[in-house]
Each structure stands twice: as C-alpha cells, then as structure tokens.
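Please look at the sequence and the structure together before reading on.

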Amino acid sequence: MIVLISSFLFSETLTLKETLLASPGVLFLDDITIEKVESEKNLMILLPGLEYLVTRDLLRTKFPEYDFTGPESVRITVEGSSSLKNTVFEEIGKKAGTEDFEAFVVKTFGTLPEKFEPQTIRVTKISKNLFSVFLRFPETYVTLNMLLRKERNVVVLKRNINVGDVIKEEDVRLEKKNVFEIYGEPFFDVSEVVGKISRRYLKEGTVLTADMVKDPPDVVKGQVVPAYVDMGSIKVTTFVEVLENGYLGETVRAMNVESRKYVFGRVERGPVLRILEVVE
C-alpha cells in the first residue's frame, strides 16, 4: 500500500514533442517524448499518408504511471503515398457531406498490415466531428477513429444576452473555431446577426447559430401602417395601429386610427395589413 501511494505521489514526468515525422509502422511512447522511455505497449498503428493526434487524455489512460507536460497533443505526419489517405477522405466526405476538411487519426485498433492496400473501407459517423473508418486488408484489419477539423471565423457573443434582446454589433466578435464541433448552423459574418433577436438566454462566449436567433418582427406593437379591405373590384384603404408584433403571413390585431374599431389583418410586404375581419 505504501509503495503504491509513493508511486502515485512521485510519478515520473515526461515531456511531449509537438510534432513528429514518422514512417509507417507502430507508434510507441518513446517516439513522442523527449525523455527515453522503456515501454513495449504500443500507442497506434501508423498508416502511410495519414496525420495523427496523440492527446494527453489518451496518454493518461494508457500510461497512468506517468505525468505528461508540453503540448496538449502531438501531431504526427506519416510518410508515404497519399493514395490511402485520398481513398479514406473520399469515403469520409460522402458521410460528412463536404470535401473541405482536415482529418486526424486519434485512436487505432487492429494490427499492422504487410501491404497498405485495403480490400474494404467502411466509414461510420459517430458524431458530427468523429468518424470510424474500418479497413480490411488481406491478412488483418485496422480501425481508425478520425477527428474532423475545419477552422473558420464564426460569430461569438462578447456578453450575456437575455431572451428577446436585439443583438448589436458591439455584442459580438469573430473567433476561429472548428466548425465540426459546432452543433447548428453558425454565422460567419457579424452583419448576419446584427438586428436579430435572441430566442433564449445566451452566455458570453457562445457561438451563435441560426436556431438561437430570429429576425425582428415585420410589424411591431404601436406601429401605424397602411391597411386595406379587398372587396373584389373595390379596394378600401386606411391606416391602422398595430396592437401586437407580427411577421409576414401572420394575422395580428390592430385598431383603425379613424374609426377606432378593432380589426384583424394579415401582414403583407410593405408592411401593409390586409384586413380580414372588423370587430364591431
């Protein structure tokens, strides 16, 4: 018991490299640390042309006896032909619905094949940014967990926003994010969100997406707009005061500014109210 506690308190610290150019084969802990390490436990299977990310989280799971310092992940580029990468990326693109992405192997299963020409490739979408790639070779198989990345500037909140708040230019900024980690349809220009209304309470730092905001109403309570009654060959026009917010196509309550009678009308472009009913 004392030995275990002592080992936990005084575990060796290893410094991770930032990048590594490697040959196809099997990756070991010693390959990605500055210090020399004796370990027969393999980390990943390296296939030609692909890029890998070895994260600290993975290392802590596989090697709990060590502490790790340095970068949060080690980026590995594997030398060799790009034919396997091109084939894998093509299959991922079909599932992801786009060809514009980077992809990194973050975990592997299986054994190293003698030749890197798969007979079968099957891609499964695990989440928006994580895909499983099954490669069947003549004598073995390899499964790759691949993380998708595409960095773009997206609109992010600079302050907390309450439900119903109108978003102003000073409320938002552009920030580079991986769009594959964003759930929803993000905005790529500040002008796309200025003037929109928040559908719910949103915290500072939130990446704004289309489902979080809505356009301002086409007519607002207290606004005076033209209105008309269509009587076939005759069209009677007047002005009404809108008594509730409304969007194009919606029916809203209003009041005729001359007769003071209440009416219901459909909001049309202009905005104009087409009177459907007069309340006596």
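How many residues does the largest nonpolar core have, and which of them have the most contacts inside it? In this predicted model, the largest nonpolar core has 46 residues, and the ones with the most contacts inside it are Ile32, Val54, Ile76 and Met146. At least three residues of this core come from domain 1 (13-149), and at least three come from domain 2 (151-214). Nonpolar side chains tend to be buried together in soluble globular proteins.

The surroundings of Ile76 can be listed in some detail. When residues up to four places away in sequence are not counted, Ile76 touches Leu20, Ala22, Leu27, Ile32, Leu50, Glu51, Tyr52 and Val54. Two of these, Ile32 and Val54, are themselves named with Ile76 among the core residues with the most contacts.

The side chain of Lys196 makes a polar contact with the side chain of Asp215, at 2.4 Å. With neighbours within four places in sequence left aside, Lys196 is in contact with Asp165, Val166, Ile167, Phe187, Val213, Lys214, Asp215 and Pro216.

Another part of the model is built from strands. Here 5 strands form a closed barrel in the order E16-E17-E18-E19-E20, with mixed pairing, and the twist from one strand to the next averages 55°.

| Strand pair | Sense | Bridges |
|---|---|---|
| E17 (residues 234-242) and E18 (residues 251-256) | antiparallel | 3 bridges |
| E18 and E19 | antiparallel | 5 bridges |
| E19 (residues 262-268) and E20 (residues 272-279) | antiparallel | 7 bridges |

Val242 has Ala254 in E18 as its bridge partner, Thr251 stands opposite Arg266 in E19, and Tyr262 stands opposite Val279 in E20. Strands E18 and E19 form a hairpin with 5 residues between them, and in the turn Arg260 has a positive phi of about 65°. In a regular strand, the side chains alternate between the two faces of the sheet.

Notes. Residues are numbered from 1 along each chain as its sequence is written. This is a predicted model: local features need pLDDT of at least 70, side-chain atom pairs count only at pLDDT 80 or more; totals for chains, interfaces and linings use all residues. Side-chain values use heavy atoms; hydrogens and water are left out. A nonpolar core is a set of buried Ala, Val, Leu, Ile, Met, Phe, Trp, Tyr and Cys residues joined through side-chain atoms within 4.5 Å. Buried means under 20% relative accessible area, exposed over 50%, partly exposed in between (1.4 Å probe, protein chains only). Domain bounds come from an automatic or database domain assignment. Contact means heavy atoms within 4.5 Å. Two strands pair if DSSP finds at least two bridges between them. Helices (H or I, at least four residues) and strands (E, at least two) are DSSP runs, numbered from the N terminus. Axes are lines fitted to C-alpha atoms, for helices over the stretch in contact, and angles run from 0 to 180 degrees between N-to-C directions. A polar contact is a pair of N or O atoms within 3.5 Å; within protein, one must be able to donate a hydrogen and the other to accept it, and residues adjacent in sequence count only if both atoms are side-chain atoms.
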